[in-house]
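These are my notebook entries on one chain. I wanted to know what pairs with what, and where.

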Amino acid sequence: PLLLPPLLLLLLLLLLLPPPPAGECRGAGAVGRKDEHGLFVTDYFTRTPRKLSPFRSFASIELFHFHIPEDTVIAVWNLITFKEQGGTFGDQCPDRSITVYFRSGAPSVINPLHTHFPRDTAVPGSFALTLTWTLPNRTTGVFNVTSPLPGDWFLAAHLPKDEGKISVKGLYEECQYLFQPQLIVQRLVNIAVLYPGYVTEQSMAPHNRSCLYKVFVPSYTSRVLVEVLRCRGAEGCPLWLRLRAKAPPLHNSTALDCREHAPCQLALDLPFWQHWYYVLVERHPGVPGTVSFQVTVRLTGRCRDALGGSGMLGHWDALGHWEVLGCSGTLGCSGTLEVLGCSGTLECSGMLGSVRPTLRNELDTFSVHFYIFFGPNVSVPPDRPAVFVINLLPVLDSGGVLNLELRLNVSSLRGENVTVFGCLNHEVPLTSGDNASATCETESLAGFLLSVNATASLGRLRIPYPQTGSWYLSLRSLCATEHGFEPCANVTAEVYLRAYLSPCINDCGIYGQCKLLRTNNYLYAACECKAGWNGWGCTDNAEAFSYGFQLLSTLLLCLSNVMFVPPVAIAVRSHYLLEAAVYIFTMFFSTFYHACDQPGIVVFCIMDYDVLQFCDFLGSLMSVWVTVIAMARLQPVVKQVLYLLGAMLLSMALQMDRHGLWNLLGPSLFALGIMAIAWTARTIRRRHCYPPTWKRWAFYLCPGALIAAAAVLLYAFVETEENYFYIHSIWHLLIAG
């Protein structure tokens, strides 16, 4: 019943959406829907509903992983949210807004609390959507993406931050907010492939709006040039030419109006390596008749090496494979070279230093070091950049933090004012043709810039949740002059380079814990902060507890157990030695459990935390148990049997669930029932109310009952994370009283 309405909604939505821009400019067929704009295949994906939690850190969000296939023209997410309370629909639950984040390639780096990120941290962007409630117990939101990037997509969802109330398990039915995303994608089949240097003839019928092609761009490509030739239509060349990487073009993609440009050539510098580029030839609206044209693609490659004035040139062969040919030693790589065996002209533009690979050494999950051959010290020549590649594995490496560290060897500068610039970019190295340029961005690309010099010899960069694939680091040395930066002369700078993948930033510091989390088969890491510290690396101290506050809270929680000394003294004086032993046990383990349970740095653990917690809970329950049983004044044998039976049953109950409400109420009510039966029997036998004196009721039983009731009310309804240290200290005082 839950899946059927959203599925029908999605199918109806896909039928009503405008058709994606693709032309029927190709042959072959496919299983799927067909209209005048091409052949489609529809895929449907869904995920199991999960309970959402209030946001405290990234460890408290729910993460969903999807994979979008190539050639997808539209993706539609149906976001279903519903409430539950006690196994039924939670109509009485309050409406709480739900925030959903979308990102391609890696999980979103979110910051809903607006905390500060650690220094030298690059924050990638993502898209956020807030869902509002349209029905009392459920709501549905739709989010569609036209021409989405193929590969991994991640959705992160959470509730707003709450007041941090500590609720007793089982006291009342908790409202649960469940979230379930569903995905439908439509992808084109058999898109026509363009081969560089070859001309493709095309005729666009009057009922067709556009034609879609794709071309593969290999490594060491510096420029993609798409040209429309011999275009003939009713009004000259009424075509738009659009180009985009990885997915079909959008309305804001790189475009050219062929009516205003002759020849109609669309060029793109620094394309992504090892990716498909999509070419869309689109008819102007309202232009009648058939339009005929030719499409061709030319690729310009970079020289891969420069030794003795020679370089390496790449080209496509007739089978679509990228081959490497040697450039002529006399021509070098400064001019335009025509490669034999290919009908087009492929150029060798500029000098690109050899892309040096890195050696991957996996130490643990998200603990990977990338070693450089003949490193870690690298030489940066003055005439060309030094380029390195770091390969991050799909899915496996996107859940950690990519760290980069540059340290300049000042002694290698020989007194020159040299600055080494590092540019880290995804999927293509950013190396400017201008030898004096110190930028790390172009009109369509932007990388991460680092710089080191004699004054600041150390530079760091951290990228949480990096996109997988190839990351290229380009190092270039420039000398500072009065007119800006200029190429250095005969100065080869030496730089220590360290690149590694870690689970969290600085292991979350001393005020955080790095947690390894899993959603289905996807692993990721996140910091869980404590002691009021916040942020992605637990470095934001805006709400942090001071050392004095931490010391005060620890002393209050520990020293409040001294209140058990009077009950011990009274029990020993009254010859209740077994009860006194239980009180001493409770006082000891409660003191050291709270000394070990502190969130800050004022922590002292004498044994394993789990053992201390078990003994503290057991001692607290046993104290209530033996006190009430002793008040019943049973026969010694019966009392000892109940003591032993209670210890065994309470141990079993605590092993099953330590935070359940009935672990406290069950033994207490059972013991009170035994006491009530014993007192009733004694009253009947004596024909007089027991206890017999009013002083015992006025000065002992009634105050004790009021103290116990106040303790239970504080424990169940008042305690929060912010007031825990003093409310729980009062609980210690009351329970001992």
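**Entry 1: a strand pair and its sheet**

I began with strand β16 (residues 239-245) and strand β19 (residues 275-283), which pair in the antiparallel sense over 7 bridges. Two strands pair here if DSSP finds at least two bridges between them. Strands (E, at least two residues) and helices (H or I, at least four) are DSSP runs, numbered from the N terminus. The model is predicted, so local features need pLDDT of at least 70 and side-chain atom pairs count only at pLDDT 80 or more, while totals for chains, interfaces and linings use all residues. Residues are numbered from 1 along each chain as its sequence is written, and side-chain values use heavy atoms, with hydrogens and water left out.

**Entry 2: charges over rings**

I checked for a charge over a ring, meaning NZ of Lys or CZ of Arg within 6 Å of the ring centre and within 35 degrees of the ring normal. Arginine 242 lies over the face of tryptophan 240, at 5.2 Å from the ring centre. I also noted arginine 47, whose charged end sits over the ring of phenylalanine 66, 4.4 Å from the centre of that ring.

**Entry 3: disulfides**

I took a disulfide as a pair of cysteine sulfur atoms within 2.5 Å. How many disulfides does this rule give? The count comes to 9. I wrote up three of them.

Cysteine 93 and cysteine 175 are joined with their sulfur atoms 2.2 Å apart. The link of cysteine 93 and cysteine 175 is left-handed, with -95° about the S-S bond. Cysteine 93 lies in the loop between β6 (88-89) and β7 (98-104), and cysteine 175 in strand β11 (residues 175-188), so the pair ties together parts that are 82 residues apart in sequence. For accessibility I used relative accessible area: buried is under 20%, exposed is over 50%, and partly exposed is in between (1.4 Å probe, protein chains only). Cysteine 93 is buried at 4%, whereas cysteine 175 is partly exposed at 23%.

Cysteine 231 is joined to cysteine 237, S to S 2.2 Å. With 100° about the S-S bond, the link of cysteine 231 and cysteine 237 is right-handed. Cysteine 231 and cysteine 237 are both buried.

Cysteine 508 and cysteine 527 have their sulfur atoms 1.9 Å apart and form a disulfide. The torsion about their S-S bond is about -90°, so the disulfide is left-handed. Cysteine 508 sits in the loop between β35 (493-502) and β36 (512-519) and cysteine 527 in strand β37 (residues 522-529), so the pair ties together parts 19 residues apart in sequence. Are these two cysteines buried or exposed? Cysteine 508 is buried, with a relative accessible area of 0%, and cysteine 527 counts as buried at 6%.

**Entry 4: a record for residues 527-538**

An unreviewed UniProt entry lists residues 527-538 as "domain: EGF-like". UniProt positions are in the numbering used here, feature names are shortened, and annotations may be inferred rather than shown by experiment. In the model, the end C-alpha atoms of residues 527-538 lie 7 Å apart, and the span is 0% helix and 25% strand.

**Entry 5: aromatic pairs**

I searched the whole structure for aromatic pairs and found 35. Rings of Phe, Tyr and Trp (its six-membered ring) pair if their centres lie within 6.5 Å; planes under 30 degrees apart count as stacked, over 60 as edge-to-face and the rest as tilted.

Phenylalanine 58 and tyrosine 524 make an edge-to-face pair, 5.9 Å centre to centre with 90° between the planes. Phenylalanine 58 lies in the loop between β3 (50-51) and β4 (62-68) and tyrosine 524 in strand β37, so the pair ties together parts that are 466 residues apart in sequence. Phenylalanine 58 and tyrosine 524 are both buried.

Tryptophan 625 and phenylalanine 670 are stacked, 6.0 Å centre to centre with 5° between the planes. Tryptophan 625 is in helix α5 (residues 609-632) and phenylalanine 670 in helix α7 (residues 662-686), 45 residues apart. Tryptophan 625 counts as buried, at 6% relative accessibility.

Last, I noted a cluster linked by ring pairs: Phe58, Phe117, Phe154, Tyr465, Tyr522, Tyr524 and Trp536.
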